[in-house]
Amino acid sequence: MREIDRYMSPTEAAYRWGKNKETVKNKLKPSLNKKEIEEMEKEGLIKSFSRPGGIRKEWIVTVEAMERWFGKIN
């Protein structure tokens, strides 16, 4: 696997794991998973970006994060 393929948008991650996009997006909602999100950000498994003054966050998810949440792809 190329290094760049270890990093995905939530939409790509959902597709690669055969999950609904909303299922992956729910894992990234602080209102549902604040502690887990903070831990995974510290570990470098997920990353978010929100431009100054912006409301919406954009996420990058790693293969490792998806495997933690949903297991390995067969």
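# Sheet, core and pocket

Visitor: How many bridges join strand 1 to strand 3?
Guide: There are 2, and the two strands run antiparallel. Strands here are DSSP runs (E, at least two residues), helices are H or I runs of at least four, and both are numbered from the N terminus. Two strands pair if DSSP finds at least two bridges between them. This is a predicted model: local features need pLDDT of at least 70, side-chain atom pairs count only at pLDDT 80 or more, and totals for chains, interfaces and linings use all residues. Residues are numbered from 1 along each chain as its sequence is written, and side-chain values use heavy atoms, with hydrogens and water left out.

Visitor: Which residue stands opposite valine 61?
Guide: Methionine 8 does; valine 61 is in strand 3.

Visitor: And what is the strand order in the sheet?
Guide: The 3 strands form an open, antiparallel sheet in the order 1-3-2. Strand 1 (7-8) and strand 2 are the edges, each pairing on one side only. Strand 2 and strand 3 share 4 bridges, and lysine 47 stands opposite isoleucine 60 in strand 3.

Visitor: Changing topic: which residues in the largest nonpolar core touch the most other members?
Guide: Ile46, Val61, Ala65, Met66 and Trp69, out of 16 residues. Helix 4 gives the most to this core, with 4 residues. A nonpolar core is a set of buried Ala, Val, Leu, Ile, Met, Phe, Trp, Tyr and Cys residues joined through side-chain atoms within 4.5 Å, where buried means under 20% relative accessible area (1.4 Å probe, protein chains only).

Visitor: What is isoleucine 46 in contact with?
Guide: Leaving aside neighbours within four places in sequence, its contacts (heavy atoms within 4.5 Å) include Leu28, Ile37, Trp59 and Trp69.

Visitor: What volume does the largest pocket have?
Guide: About 420 Å³. A pocket is an open set of points on a 1 Å grid over the protein atoms alone, where a 1.4 Å probe fits, with protein on both sides within 12 Å along at least five of seven lines; lining residues have an atom within 4 Å of a point. The volume is the space filled by probe spheres set on the points, which are joined across faces, edges and corners.

Visitor: Which residues lie nearest its centre?
Guide: Pro10, Arg56, Lys57, Glu58 and Trp59, among 17 lining residues.

Technical notes: Buried means under 20% relative accessible area, exposed over 50%, partly exposed in between (1.4 Å probe, protein chains only).
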